[in-house]
Amino acid sequence: MLSYEIQVEEIEVKGILYYKDTVMLNYTIRYPQFISDMFRLFIKDINLYYRIRALLFEKEQIQELYNLAKEQYEDSLKNNFPFHPYEVVMEFTITYNQNCFLSLYSETYQYTGGAHGMTTRVSETWDLEHRRKSKLSDFISVRDLREFLIRNILNQIEEEIRKGNSFVYFEDYKKLVEENLNMDNFYLSNEGLVIYFGLYEIAPYASGIRTFTIPYTAEGIIPPCCEK
């Protein structure tokens with residue numbers, strides 16, 4: 001079972017929304033659907049989770065952005081400004097698919113005018129054997145989880161700074177790491193447990209979404225594995 005992988009299929013939903021014969025918004029939504037004989041019932045639940053999330057995103061958030069685009073278009077006409085169509089892309093990345101665990105993140109890119117778009121990331125890790133969504137504490141056995149994470153993250157940042165990459169982070173990165181650490185912002189990789197921070201949370205936009213990997217060999221880390 002250790003080498004068993006879940007088969008992954010990508011579902012894509014695309015659309016172009018118009019207003020007064022002008023393109024207001026282009027969108028692409030990609031979400032996963034999984035196939036497995038071994039964990040069939042729970043995989044069915046996971047598939048439903050991602051399908052519903054994609055459909056709700058298309059129905060609610062795309063519609064909301066479309067309405068905003070129409071307002072901006074009308075303002076642009078009144079003020080003789082150019083209008084740039086909105087763009088939305090949602091896609092997923094599988095980061096771990098073995099040892100009875102499935103881990104992935106989804107990123108949503110939104111361009112609504114201005115110098116650049118914004119990307120947000122959400123992640124889930126599924127314990128297939130026990131049919132539940134995993135928590136960060138499932139993979140770390142220490143007395144103070146928050147202190148453990150902050151210490152590891154700051155050590156990695158300070159190592160980057162020693163190598164001459166101080167420009168990557170805001171000057172008050174220590175305070176920002178403590179303020180913006182989110183226990184839900186993690187996923188598994190083949191190398192270890194990955195903690196991430198969103199755009200602007202601890203670093204400038206150009207630095208991207210910052211990730212910090214704590215190896216499975218590190219003290220206090222519980223590597224993912226099948227019990228049976």
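Trainee: Is R132 buried, partly exposed or exposed, and which of these is it at its relative accessibility?
Mentor: R132 counts as partly exposed, at 34% relative accessibility. Buried means under 20% relative accessible area, exposed over 50%, and partly exposed in between, with a 1.4 Å probe and protein chains only.

Trainee: What should I know about the model before reading on?
Mentor: This is a predicted model, where local features need pLDDT of at least 70 and side-chain atom pairs count only at pLDDT 80 or more, while totals for chains, interfaces and linings use all residues. Residues are numbered from 1 along each chain as its sequence is written, and side-chain values use heavy atoms, leaving out hydrogens and water.

Trainee: Thanks! Which residue forms a salt bridge with R132?
Mentor: D138 does, with the closest N and O atoms 3.0 Å apart. A salt bridge here is a side-chain nitrogen of Lys or Arg within 4 Å of a carboxyl oxygen of Asp or Glu. D138 is partly exposed too, at 23%.

Trainee: How many salt bridges are there in the whole structure?
Mentor: The search finds 16. One of the pairs is R53 with E124, at 2.8 Å from N to O. That pair links distant parts of the chain, 71 residues apart: R53 sits in helix α1 (residues 40-79) and E124 in strand β5 (residues 118-127). Helices (H or I, at least four residues) and strands (E, at least two) are DSSP runs, numbered from the N terminus.

Trainee: Is E124 buried or exposed?
Mentor: Buried, at 3% relative accessibility, whereas R53 is partly exposed at 22%.

Trainee: Which residues make up a network of salt bridges?
Mentor: E10, E12, R30 and E91 are linked that way.

Trainee: Switching topic: which residues have the most contacts inside the largest nonpolar core?
Mentor: F34, I46, W126 and L128, in a core of 30 residues. Such a core is a set of buried Ala, Val, Leu, Ile, Met, Phe, Trp, Tyr and Cys residues joined through side-chain atoms within 4.5 Å.

Trainee: Which element gives the most to this core?
Mentor: α1, with 11 residues.

Trainee: And what lies apart from it?
Mentor: Another core, of 29 residues, among them L136, L149, Y173 and F197.

Trainee: Last one: what does UniProt list for residues 21-119?
Mentor: An unreviewed UniProt entry lists them as "domain: Deacetylase PdaC". Over that stretch the chain is 40% helix and 40% strand, with the end C-alpha atoms 28 Å apart. UniProt positions are given in the numbering used here, feature names are shortened, and annotations may be inferred rather than shown by experiment.
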